[in-house]
Amino acid sequence: MTYQQVFEIWEEGYELKVESTTVDKTMGYFRNHILPEFAKRPIDSITYLDCKQFVTKMTKKLKSSRKILFYFSRILKEAVQMDLIPKNPMIGIELPSEKKNQFEHENEVFKENYYYREELAEFLDCCRKDLSSLKYTAFHVLAHTGLRKGELFALTWADINFEAAVLRVNKAVGYSTTRGLHIKNTKTSKPHVVDLDEDTLSLLQEWLKMQRLEVSKARLKVKIDSKQLLFSNIHNELMHPSKTSQWIRSVQKKHNLREISTHGLRHTHCSLLFESGFFTPAQVLERMGHTDLETTMKIYTHVTRQSLANSTKNYLSFIQSDKNE
């Protein structure tokens with residue numbers, strides 16, 4: 001059997017185990033890097049030297065090649081399990097480490113993919129003036145809940161409890177070449193609930209009424225709450241999450257605002273939760289839907305660093321005022 005034939009057998013089982021978006025990414029590794037080298041090779045002809053040379057080639061060619069080499073080896077492991085070869089020839093070959101630039105960690109301090117409180121207020125005010133109600137409401141919800149854009153566009157009205165003032169996050173919009181736009185699990189596959197502030201709740205109530213009018217005017221059917229999306233496309237179907245990139249850039253360029261990504265609004269919300277002083281790291285973790293404290297604490301560290309910087313400025317003012325006395 002060739003490497004390609006073993007790969008195809010493994011692929012059938014793999015597609016049943018993971019999300020379609022992950023399948024797309026993995027198949028890209030095979031299509032672009034692995035199969036061009038080994039597709040036609042008989043699986044039992046691939047030697048330790050072949051593997052060693054492939055590892056060297058990928059390491060020189062790509063900044064990060066570990067995943068590609070992992071999947072390359074996974075097919076050889078499958079061949080062992082099928083009794084086609086006695087041993088995986090990748091065994092014993094050291095994979096390249098994920099090398100980082102010496103100053104890469106330090107430079108992360110200066111990467112600001114988030115807005116400060118005043119910047120967020122200005123951004124949302126510009127959105128309210130320039131964008132449609134759908135787009136403005138979408139950005140407001142992202143900024144005040146910390147949702148990922150895929151989670152936002154998967155929300156239905158059944159996920160909003162107006163009486164309890166909470167929002168349920170249990171799904172996301174995904175895209176793959178095989179399935180197109182579709183509903184999938186969230187990034188962590190862990191459902192969670194987000195409390196809604198009065199302003200966000202009021203805005204959603206207004207949007208609910210407006211959406212029904214707009215859908216009716218377009219001669220489309222308003223669906224039941226469990227099916228009707230909060231934010232849908234012109235056909236009242238799933239919206240592609242990438243749309244927000246166009247929306248946010250248009251507002252930032254028109255008003256000369258500092259550019260951040262849509263995901264930066266999630267970082268913004270997390271930062272402001274800490275800055276407010278009302279939330280513990282554990283509470284932020286639960287609200288943001290993080291799987292562990294590591295991600296949450298990275299944001300916390302940034303906020304405390306910013307607080308220290310402000311304290312340093314105050315210290316300088318204190319010293320200078322003391323000199324003038």
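Reader: Is M239 buried or exposed in this predicted model?
Author: The model is predicted. M239 sits in the loop between α9 and α10. The cut-off for buried is under 20% relative accessible area. M239 has 8% relative accessibility, so M239 counts as buried.

Reader: Which residues does M239 contact, leaving aside its neighbours within four places in sequence?
Author: M239 is in the loop between α9 and α10. One of its contacts, F153, lies 86 residues away along the chain. The set is L134, F153, V173, L181, F231, S232, N233 and W247.

Reader: What separates the C-alpha atoms of M239 and F153?
Author: The two residues are 86 residues apart along the chain.

Reader: What share of the contacts between residues at least 6 apart in sequence joins residues at least 24 apart?
Author: The protein chain has 325 residues. Its secondary structure comes to 13 helices and 5 strands. Among contacts between residues at least 6 apart, the share joining residues at least 24 apart is 61%.

Reader: What percentage of the residues count as buried?
Author: The chain exposes about 19,400 Å². Carbon and sulfur atoms supply 52% of that area. Of the 325 residues, the buried share is 41%.

Reader: Is Q211 buried or exposed?
Author: Q211 is found in helix α9, residues 198-217. Its contacts include W157 and F231. The limit for buried is under 20%. At 4% relative accessibility, Q211 is therefore buried.

Reader: Which residues does T156 touch, not counting residues up to four places away in sequence?
Author: T156 is found in the loop between α8 and β1. T156 is buried, at 6% relative accessibility. It touches K171, D225, S226, K227, Q228, L229 and L230.

Reader: Where is A165, a residue with positive phi that is not a glycine?
Author: Most residues other than glycine have a negative phi. A165 has a positive phi of about 60°. At 17% relative accessibility, A165 counts as buried. Its place is in the loop between β1 (160-161) and β2 (166-169).

Reader: Is R219 buried or exposed?
Author: R219 also has a positive phi, near 60°. It is found in the loop between α9 and α10 (243-254). Exposed means over 50%. R219 reaches 79% relative accessibility, so R219 counts as exposed.

Reader: With which side chain does the side chain of R41 make a polar contact?
Author: R41 is found in the loop between α2 and α3 (48-61). R41 is partly exposed, at 26% relative accessible area. R41 touches M1, T2, Y3, I46 and D50, not counting residues up to four places away in sequence. The polar contact, at 2.7 Å, is with the side chain of D50.

Reader: How many Å apart in space are R41 and Y3, C-alpha to C-alpha?
Author: Y3 is among the residues that R41 touches. The two are 38 residues apart in sequence. Their C-alpha distance is 5.8 Å.

Reader: Which residues of helix α12 are buried?
Author: An α-helix has 3.6 residues a turn, so residues three or four places apart point the same way. Helix α12 covers residues 281-288. Its buried residues are V284, L285, R287 and M288.

Reader: Which residue follows α12?
Author: M288, a buried residue, belongs to α12. The residue that follows the helix has a positive phi, near 75°. That residue is G289.

Reader: What gives the most to the lining of the second largest pocket?
Author: The pocket has a volume of about 560 Å³. α2 (20-38), α4 (66-81), α8 (149-152) and β3 (172-176) each supply at least two lining residues. The top contributor, with 6 residues, is α2.

Reader: Which lining residues lie nearest the centre of the second largest pocket?
Author: The lining has 23 residues. By class it has 5 nonpolar, 9 polar and 9 charged residues. Nearest the centre lie T21, T22, K184, T186 and K187.

Terms used. Residues are numbered from 1 along each chain as its sequence is written. This is a predicted model: local features need pLDDT of at least 70, side-chain atom pairs count only at pLDDT 80 or more; totals for chains, interfaces and linings use all residues. Side-chain values use heavy atoms; hydrogens and water are left out. Helices (H or I, at least four residues) and strands (E, at least two) are DSSP runs, numbered from the N terminus. Buried means under 20% relative accessible area, exposed over 50%, partly exposed in between (1.4 Å probe, protein chains only). Contact means heavy atoms within 4.5 Å. Accessible areas come from the Shrake-Rupley method with a 1.4 Å probe; for residues, only the protein chains shown count as cover. On a 1 Å grid over the protein atoms alone, a cavity is a set of points where a 1.4 Å probe fits but cannot get out, and a pocket is an open set with protein on both sides within 12 Å along at least five of seven lines; lining residues have an atom within 4 Å of a point. Grid points are joined across faces, edges and corners, and a volume is the space filled by probe spheres set on the points. Ala, Val, Leu, Ile, Met, Phe, Trp, Tyr, Cys and Pro count as nonpolar, Asp, Glu, Lys and Arg as charged, and the others, Gly among them, as polar. A polar contact is a pair of N or O atoms within 3.5 Å; within protein, one must be able to donate a hydrogen and the other to accept it, and residues adjacent in sequence count only if both atoms are side-chain atoms.
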